[in-house]
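Please keep the sequence and the model in view while reading.

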Amino acid sequence: MASFSGFIAEAHKEMTAASAGDTKGFSTLMEYVGKGGLDVGDDLVVLLYHIQYACKRIAALVASPFNSAIGKHSGLATVASGSERDKPKPLDIVANEIILSSLRNSGKVSVMASEEDDAPVWINDDGPFVVVLDPLDGSRNIDASIPTGTIFGIYKRLVELDHLPVDEKASLNSLQSGAKLVASGYVLYSSATILCASFGSGTHAFTLDHSTGDFILTHPSVTIPPRGQIYSVNDARYFDWPEGLRQYIDTVRQGKGQYPKKYSARYICSLVADFHRTLLYGGIAMNPRDHLRLVYEANPLSFLAEQAGGKGSDGKSRILSIQPVKLHQRLPLFLGSSEDIDELESYGDIQQKVNPGYEV
């Protein structure tokens, strides 16, 4: 068996060769999307550079031993619409400002629509892109060192709306259906920092190399298995679920479904982390309540799922076919393996419409 030091030496040798121009084994995010790779266009490359730069700053912030003190000294407000549970924590606001600053600096974004803002922010009249995002999903888990993430989606600016007042064109640009996404992705802040993205030609994951500051392609062309053996849901609410969803869960965990193996429950309660695991191993990540946001959570993640061969559904319809009507629109969300989603939908009554004892 090769020694650990030998393995490290060999990896360093390969990385040195890659940095010298031999990128057969390693490719950075910027190389992959540039002219030597997918060639997504100069404007999108510039935008992606600024997004990944912002997310590296957020990764450092999340990992900082001082992150709990940031809100106390930043002077940032923590007032937001919605329930007390949904009020943004200080780190959400700091992450939002980091991304907004990067998008402004890119010069490529006309509108940013974020979970942390009541309305879309108009940035630049000439920016060719619209960015929708959840800047720090799962932030309430940070104190317990549970993974968190950033979710983003990118659209082209609707130039036919340029004549409208700023507020109106900002809103309409942000409410495009997921089928019009140019790109989407998430960044997982965990034991590794992973940027997973699609530009309409497969789903690819890049891992942050802290020694160089580059996101390195580690999972090209991710394909979600057509079947998994894991379901991810808060089953403490089992008795509030509709009959169809309870029947499905009871069936698959007994190994009596279309796939004759017993399913296991794995639930982190961090959307990006639960989806990332599902993307790699298959199965279903779900929230059957009208809880997750269509524009900046369901659409970007469904785009990634479909590009990896999976599906995104609200329990009745394909997510990417739903026309948003408001920025913070909520819906049930089921993401995962295509055959698992089909089987789940066949039970019919799977959307949880009541939430006794819980805030939405």
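## The sheet

Two strands are taken to pair if DSSP finds at least two bridges between them. The model discussed here is predicted, and on that criterion it holds an open sheet of eight strands with mixed pairing, in the order β2-β1-β3-β4-β5-β6-β7-β8. Because β2 (121-122) and β8 (214-219) stand at the edges, each with a single partner strand, one side of each has no neighbour in the sheet.

Within this sheet, strand β5 (residues 183-189) and strand β6 (residues 193-198) run antiparallel and are joined by six bridges. Gly185, for example, has Ala197 in β6 as its bridge partner. Helix α8 packs on the sheet, where it touches β3 (129-137), β4 (148-156), β5, β6, β7 (203-209) and β8, and its direction makes about 105° with that of β5.

Is helix α8 buried or exposed? Nine of the eleven residues of this helix (residues 271-281) are buried, so α8 is largely enclosed by the rest of the structure. The buried residues are Leu271, Val272, Ala273, Asp274, Phe275, His276, Arg277, Thr278 and Leu279. After the helix comes Gly282, which has a positive phi, near 90°.

## Packing of α8 with α9

Helix α8 also packs with helix α9 (residues 294-307), at an angle of about 15° and with the axes 11 Å apart. Since angles under 35 degrees count as roughly parallel, α8 and α9 are therefore roughly parallel to each other. The crossing in which α8 passes α9 is right-handed.

On the α8 side the contact is made by Leu271, Phe275 and Leu279, and on the α9 side by Glu297, Leu301, Leu304 and Ala305. Of the residues in this contact, six are nonpolar, none is polar and one is charged. As a general point, an α-helix has 3.6 residues a turn, so residues three or four places apart point the same way.

## Packing of α3 with α5

Helix α3 (residues 42-63) and helix α5 (residues 90-106) cross at roughly 155°, and their axes come within 9 Å. That angle makes α3 roughly antiparallel to α5, and α3 passes α5 in a right-handed crossing.

In this contact, Val46, Leu47, His50, Ile51, Tyr53, Ala54, Arg57, Ile58 and Leu61 of α3 meet Leu91, Val94, Ala95, Ile98, Ile99, Ser102, Leu103, Asn105 and Ser106 of α5. The residues of the contact of α3 with α5 comprise 13 nonpolar, four polar and one charged.

Conventions. Residues numbered from 1 in each chain as written. Predicted model: local features only at pLDDT ≥ 70, side-chain atom pairs only at ≥ 80, totals over all residues. Heavy atoms only, no water. Buried < 20%, exposed > 50% of the residue type's maximum accessible area, 1.4 Å probe, protein only. Helix = DSSP H or I, 4+ residues; strand = E, 2+ residues; numbered from the N terminus. Contact = heavy atoms within 4.5 Å. Axes fitted to C-alpha atoms, helices over the stretch in contact; angles between N-to-C directions. Parallel < 35°, antiparallel > 145°, perpendicular 65-115°, else oblique. Left-handed = near helix turned anticlockwise from the far one by under 90°. Nonpolar A, V, L, I, M, F, W, Y, C, P; charged D, E, K, R; others polar.
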